[in-house]
Amino acid sequence: MTFDLDNTLWDVMQTITGAEKLLRDWMAEQTPAALAVYASEQIAGIREQVLATHAEKRHDLSFLRIQVLRQCMIAANMSPADAEENANQAFAVFFAGRNDVVFYPNALETLEILSQHYTLFALTNGNADIERVGIGRFFSGAVSSADVGASKPDQQMFTAVLTKADVQAGRAVHIGDHLSDDVFGANRAGMRTIWFNHERQATNNTDHEPTAEAHALADLPDLIASLGVAQTR
Ligand SMILES: [Mg+2]
């Protein structure tokens with residue numbers, strides 16, 4: 001069983017907003033001149049420049065953010081060594097917030113139940129760290145965009161996690177909130193799919209038809225049992 005993370009187990013916008021606030025508070029205290037750059041219109045150009053310089057790293061969000069911060073420090077007249085040191089420290093502050101998530105209802109209980117019967121892998125386009133989030137014990141492993149150098153719905157992501165889990169696509173189920181990245185991507189990889197649709201969005205896109213739909217995480221154990229997914233534990 002493979003699990004998307006952001007917007008499947010927690011609200012990513014709320015998490016990133018909190019992490020951004022921590023980052024800006026730290027910069028206001030420690031590197032105010034760099035914060036002035038970070039909070040200015042210059043930031044769009046810096047982001048573009050970093051992406052152009054490191055095109056091969058475009059799926060590694062942590063790396064890109066550190067580079068953007070480093071460029072802000074340099075634009076604030078720091079030495080390269082100080083810029084690097086401060087960018088790493090600023091990122092550490094952001095990353096602590098990024099992993100300080102507020103789970104959706106019953107997320108931990110559901111992972112606990114599922115992990116007793118199935119082998120779970122995380123499959124994410126983001127940079128959350130399952131150990132730091134506090135859910136590592138439920139998972140046998142994780143695959144991120146930074147690991148693969150591609151993002152869902154790219155088939156390389158699904159191939160990577162299926163290989164890591166040593167399971168055939170037809171025996172695996174992917175659970176995620178995103179109709180294209182998760183449902184379409186995993187369908188195309190030959191997996192069964194559960195669309196986590198807690199906001200009860202309507203869809204009539206037949207290319208993105210999930211095997212089943214869940215409106216709450218607590219519904220997953222029964223739903224998965226009803227699909228006849230073989231237990232592996
Ligand atoms: Mg998601």
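User: Before we get going, where do the domain bounds come from?
Analyst: Happy to start there: the domain bounds come from an automatic or database domain assignment. Keep in mind that this is a predicted model.

User: Thanks! Which residues go into which domain?
Analyst: Domain 1 is made of 2-11 plus 101-226, and domain 2 covers 12-98.

User: How many Å apart are the C-alpha centres of domain 1 and domain 2?
Analyst: Those two centres lie 29 Å apart.

User: And how many residues are in contact across the two domains?
Analyst: On the domain 1 side there are 17, and they are in contact with twelve residues of domain 2. About 1200 Å² is buried between the two domains, with carbon and sulfur atoms giving 47% of that area.

User: Which three residues supply more of domain 1's buried area than any other three?
Analyst: That would be D11, N127 and R132, which supply 46% of the area domain 1 buries against domain 2.

User: What about salt bridges between the domains, how many are there?
Analyst: The count is one salt bridge between domain 1 and domain 2. There are also ten residue pairs in polar contact between them. As for the side of domain 1 that touches domain 2, its residues divide into six nonpolar, seven polar and four charged.

User: Which side chain does R98 meet in a salt bridge?
Analyst: R98 meets the side chain of D6, at 2.7 Å from N to O.

User: Switching to the metal, which residues are the protein donors of the magnesium ion?
Analyst: D6 turns up again here: D6 donates through O, while D4 and D177 each donate through OD. These donors lie 2.1 to 2.2 Å from the magnesium ion.

User: How are the donor residues spaced in sequence?
Analyst: The spacing reads D-x1-D-x170-D.

User: Last one: are D4 and D6 buried or exposed?
Analyst: Both D4 and D6 are buried.

Definitions and conventions:
Residues numbered from 1 in each chain as written. Predicted model: local features only at pLDDT ≥ 70, side-chain atom pairs only at ≥ 80, totals over all residues. Heavy atoms only, no water. Contact = heavy atoms within 4.5 Å. Buried area = accessible area lost by both parts, 1.4 Å probe. Salt bridge = Lys/Arg side-chain N within 4 Å of Asp/Glu carboxyl O. Polar contact = N/O pair within 3.5 Å; in protein donor to acceptor, adjacent residues only side chain to side chain. Nonpolar A, V, L, I, M, F, W, Y, C, P; charged D, E, K, R; others polar. Donors = N, O, S within 2.8 Å, 3.2 Å for Na, K, Ca; no water. Buried < 20%, exposed > 50% of the residue type's maximum accessible area, 1.4 Å probe, protein only.
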